[in-house]
Each structure stands twice: as structure tokens, then as C-alpha cells.
Amino acid sequence: MSTTEKASLARAGRGPLGALEDGWVVAQRNLVKIKRVPEVLVFVLISPIMFVLLFAFVFGGAIDPGDGSNYREFLIGGIFAQTVVFGATFTGAGLAEDMQKGIIDRFRSLPMSPSAVLVGRTTSDVVYNVLSLIIMALTGLLIGWRVREGVLDMLAGFGLLLLFAYAVSWVMAYVGLLVPSVEVINNASFIVIMPLTFVSNAFVPLESFSGVLRQFVLWNPVSALTQASRELFGNTSPASAPDAWSMQHPALYTLLWVVLILVVFVPLSVNRYRRATSR
């Protein structure tokens with residue numbers, strides 16, 4: 001019996017718990033890059049700081065949130081949402097790179113769960129996003145942002161951001177397995193994520209939009225994530241939310257998107273990974 005056949009038999013015997021254990025090992029392998037390639041960490045941490053300072057000091061004076069709130073407090077929820085969604089692209093880029101370099105072929109000879117690579121990649125994205133949120137929160141506190149609700153609401157806000165980002169990571173995982181290179185995944189993710197984040201209430205109030213564009217913004221999941229974050233942090237009043245179900249119940253609407261994305265893209269990604277590694 002060959003090494004690959006033995007590995008296949010070993011993988012077949014790995015249950016859900018084994019997949020999680022293997023996934024954590026792969027996640028640790030991805031996080032080791034922080035030591036070996038510190039530039040990755042620098043980008044993860046510096047980019048959100050630049051966005052916070054840019055919008056707070058350059059555009060902040062020209063934008064009125066419209067509900068009597070401070071723009072800097074209005075801004076942080078949108079910056080949080082944008083950064084964690086962009087942070088989810090590390091999964092797609094990492095998988096595309098591993099496929100391109102042939103590392104995935106090496107994983108095939110190991111007695112590990114087939115889904116471990118995907119679980120590890122998406123889990124390491126969560127770690128990157130936690131670091132980004134910490135840095136952004138500290139930067140926000142320095143420029144005047146404050147959490148005006150209790151600790152539980154604050155933790156719920158951060159948890160919702162990370163949960164949505166984790167779901168988006170699975171979308172990026174599927175895309176990363178489809179495209180041939182890191183350059184393509186970067187361009188593809190930019191085309192999709194940029195409209196979702198900028199055509200939303202992340203940086204400007206909903207009153208800035210009208211017609212069909214306003215309807216898109218109202219039902220954009222990034223808008224709901226931003227609105228939910230602001231409410232949980234106490235940076236806006238739920239009473240000031242637009243008269244749309246998605247904005248009246250932003251946390252629930254965001255969770256529905258999380259469930260939908262995971263239900264669709266987890267099996268799609270796992271099946272695509274199996275087809276890619278069986279060739």
C-alpha cells in the first residue's frame with residue numbers, strides 16, 4: 001500500500017473533532033508567517049489605522065451623520081466592518097498561493113482531514129481580524145470614539161463583526177480555489193468587496209443615497225453589520241434607524257447572512273478542495 005493510500009485511509013477515519021484538531025494545526029502553520037514575514041502583520045495593523053485617520057481628519061469635517069452624533073463615533077463602526085471584510089481575503093490569497101506553489105499536493109500525503117486546510121485558513125483569518133480590531137479600537141479611542149453601552153453589548157458587537165468576517169472567509173476560500181494565482185484573487189475580491197463596503201452606510205449616512213441605490217444600501221449586509229455595530233457600541237440610537245426591516249433588526253439580519261453564507265459556501269469550498277486535490 002502506497003503512502004498516499006495510507007493517508008487516504010487515515011483521513012477517512014477522522015471525524016469532526018479530528019477535522020478541528022487538524023484545522024488548528026494548519027492555522028498555527030499560517031500564523032507562523034507573522035514571525036517569518038512580519039510585513040504581513042504590519043499591513044494588517046497599519047492599514048486600518050490609515051483608514052481611521054484618513055476619514056476622521058480628511059473627510060470628517062465634510063460629512064454630517066445627520067442624527068446629531070459625532071462623525072468620528074459614526075465612522076468607527078463602518079471602519080470596523082470594512083476592515084474585517086477585507087481581512088477575510090487572506091484566506092483566498094493563501095489558498096491560491098498554496099495551490100500555485102504545490103503545497104496542497106504535500107498535504108494530500110498527510111493523514112489529515114480534507115477540510116482541515118480550509119478550517120485552518122479561515123481560523124487564521126479570525127486571528128488577523130482580532131488583531132486589527134484591537135488596533136482600530138485603540139486608534140478610535142485616541143481620536144474620540146467611545147463605547148457608550150455595557151461590556152456585554154461591546155463584546156456582542158465585536159463578536160458579530162468577527163462572525164461575519166469568518167463567513168466571508170469561506171466565500172474567499174471558494175474563490176481562492178477557483179482562480180489560478182494570488183494576483184487574480186486580489187483583483188476579484190477587490191471588485192466584489194469594494195462596492196459592498198463603499199456603497200453602504202459605512203462612511204456616509206443613508207440619507208446620502210436615493211432611488212434604487214438607496215434600496216441596495218438598505219439591504220446590503222455590510223450596512224446591517226455597520227448599523228448593528230454602532231447600536232451595540234452605543235454610537236447611534238436604534239430609534240434613528242431607517243424604516244426597513246434590515247435596519248430595524250440589523251444584528252438579526254447580519255446573522256441570517258452569516259448562516260446563509262456558511263450553509264452555501266462551506267460545502268462548496270470543501271467539495272471544490274476535494275476536486276482540486278484529486279487531480
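Analyst: E73 and R148 form a salt bridge, with their closest N and O atoms 2.5 Å apart; the term requires a side-chain nitrogen of Lys or Arg within 4 Å of a carboxyl oxygen of Asp or Glu. The whole structure holds 1 salt bridge. The pair ties together distant parts of the chain, 75 residues apart: E73 lies in helix 5 (residues 71-87), and R148 in the loop between helix 8 (116-143) and helix 9 (151-178). Helices are DSSP runs of H or I, at least four residues long, numbered from the N terminus.

The two partners sit in unlike surroundings. E73 counts as buried because its relative accessibility is 7%, whereas R148 counts as exposed because its relative accessible area is 51%. Buried means under 20% relative accessible area, exposed over 50%, and partly exposed in between, with a 1.4 Å probe and protein chains only.

The model is predicted: local features need pLDDT of at least 70, side-chain atom pairs count only at pLDDT 80 or more, and totals for chains, interfaces and linings use all residues. Residues are numbered from 1 along each chain as its sequence is written, and side-chain values use heavy atoms, leaving out hydrogens and water.

As for confidence, pLDDT is the predictor's confidence in each residue, from 0 to 100. Its mean over the chain is 80, and 78% of the residues reach 70 or more.

Technical notes: Helices (H or I, at least four residues) and strands (E, at least two) are DSSP runs, numbered from the N terminus.
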